[in-house]
Amino acid sequence: MLAGPAAVTGQITVPNPAISGVLPNMFPMGANQMPQFSALPMMPIQAMTQQATRHARRVYVGGLPPTANEQSVAIFFSQVMANIGGNTAGPGDAVVNVYINHDKKFAFVEMRSVEEASNAMALDGIIFEGAPVKVRRPTDYNPSLAATLGPSQPNPNLNLGAVGLTPGSAGGLEGPDRIFVGGLPYYFTETQIRELLETFGPLRGFDLVKDRETGNSKGYAFCVYADLAVTDIACAALNGIKMGDKTLTVRRANQGTTQPKPEQESILMHAQQQIALQKLIFQPALVATKVVCLTNAVAPEELKEDEDFEEIIDDMRQECSKFGSLVNVVIPRPQPDGDLSGGVGKVFLEYVDIEGATKARTGLNGRKFGGNEVIAVFYSENKFAQGDYEG
């Protein structure tokens, strides 16, 4: 761990009070027998303040490259904070401490002040050592308490262009109007989800959370609308909507559900009608085809060795032929350079007829493979024939 400037340490020295007035009655002893208060260890005031504000002074940085270390992260964020004019606590480095979890490729970066941590939120998406990183609040961040400690939003006058960021886009997923969208069908693409959300208006920020290893959707996302007035309308209209075999959970990320105001009811009704139409468009995976796509059935690392790969193909063919006559089993493999694009992590089953594919989807969806619950959906025959496994 890279330690920042040393905190003030030691003890608060309290001189022995003179024995006068009421004190002699409290301590009926000589001056030399008085308790030595100065010998009692006490937490310095500065240390107590730092502890109380730490949740609001730390930022989470995710998606770090394997080469990252505490020193490189500290130097980088101190430099970019200076470049954008985000240092508000005086001269010196904004970063005082960094903790890295190398296994999960994230870090907690502690700033000198609450205001500097809020300014750092504008760095979401910045390129660090060739990779874009996510900058978020940590899970212990308390918005209500933080609001009493300093600004909770980045300064709008930060010079984000100096570090290659677009003003207005960074930091767009923070604040009380940030919306959590859960229960998304795994086969929904980013484009489809954005179109559904934009029924209510343009988005200022959007983030579909994906599995780091496979690149597949984890079934939830976050967004912020450009017009914050539609936040509650969107939550009320979308929450509880059935999408395929899933039910959407849509609410403010940091607060409970808020009902739309009476004057917003007509907008809400119109939006709900639009969503009903969107549902018909967004469920191509429910239209039966001869091809079934499985996710969570294999892990990319299991596909690297030829012998292991052939064994998995044989196992899949044997197991999945129970539902009907198989034409082909396709399992995309990682590239030699480790690239996981091109549908890696999915299994495609092509059957002779729709009947076999339908039985396979019904029989395989929700089953456990290697401790993971498999998701089985129909897949476009045209895309499959073209070797397009990204959908």
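This is a predicted model: local features need pLDDT of at least 70, side-chain atom pairs count only at pLDDT 80 or more; totals for chains, interfaces and linings use all residues.
Buried here means under 20% relative accessible area.

**Stop 1**

Select strands S14, S15, S13 and S18. In that order the four form an open sheet with antiparallel pairing. Its edge strands are S14 (326-330) and S18, each of which pairs on one side only. Look at how the strands sit against one another: neighbours in this sheet are turned by 20° on average, ignoring direction.

Now zoom in on the S14 side. S14 and S15 run antiparallel and are joined by four bridges. To find one of the contacts, pick Val329 and look across into S15, where its bridge partner is Leu349.

Then bring in helix H9 (residues 306-320). H9 packs on the sheet and touches S14 and S15, with its direction at about 145° to that of S14.

**Stop 1: the other edge**

Slide over to S18 (residues 375-379). Strand S13 (residues 291-295) runs antiparallel to S18, and five bridges join the two.

While you're here, show helix H10 (residues 354-364), which lies across S13, S15 and S18 and runs at about 160° to S18.

**Stop 2**

For context, searching the whole structure turns up 14 aromatic pairs.

Start with Phe348 and Tyr379. Their ring centres are 4.9 Å apart and their planes stand at 70°, so this pair is edge-to-face. Phe348 sits in strand S15 (residues 346-351) and Tyr379 in S18, so the pair ties together parts that are 31 residues apart in sequence.

How buried are the two? Phe348 has 0% relative accessibility, so it counts as buried. Tyr379 comes in at 5%, so it is buried as well.

Next, keep Phe348 and turn to Tyr389. Here the ring centres are again 4.9 Å apart, but the planes are at 40°, so the pair is tilted. Tyr389 belongs to the segment after helix H11 (381-385) while Phe348 is in S15, so this pair ties together parts 41 residues apart in sequence. Both Phe348 and Tyr389 are buried.

**Stop 3: two arginines over rings**

Clear the selection and show Arg58 with Phe108. Arg58 lies over the face of Phe108, 4.4 Å from the ring centre. Then do likewise for Arg178 and Phe222: Arg178 lies over the ring face of Phe222, at 3.9 Å from its centre.

**Stop 4: a covered helix**

Finish with helix H7 (residues 231-238). Is this helix mostly covered or mostly exposed? Mostly covered: seven of its eight residues are buried. To see them, select Thr231, Asp232, Ile233, Ala234, Cys235, Ala237 and Leu238.

An α-helix has 3.6 residues a turn, so residues three or four places apart point the same way.

Notes: Residues are numbered from 1 along each chain as its sequence is written. Side-chain values use heavy atoms; hydrogens and water are left out. Rings of Phe, Tyr and Trp (its six-membered ring) pair if their centres lie within 6.5 Å; planes under 30 degrees apart count as stacked, over 60 as edge-to-face and the rest as tilted. Buried means under 20% relative accessible area, exposed over 50%, partly exposed in between (1.4 Å probe, protein chains only). A charge sits over a ring if NZ of Lys or CZ of Arg is within 6 Å of the ring centre and within 35 degrees of the ring normal. Two strands pair if DSSP finds at least two bridges between them. Axes are lines fitted to C-alpha atoms, for helices over the stretch in contact, and angles run from 0 to 180 degrees between N-to-C directions. Contact means heavy atoms within 4.5 Å.
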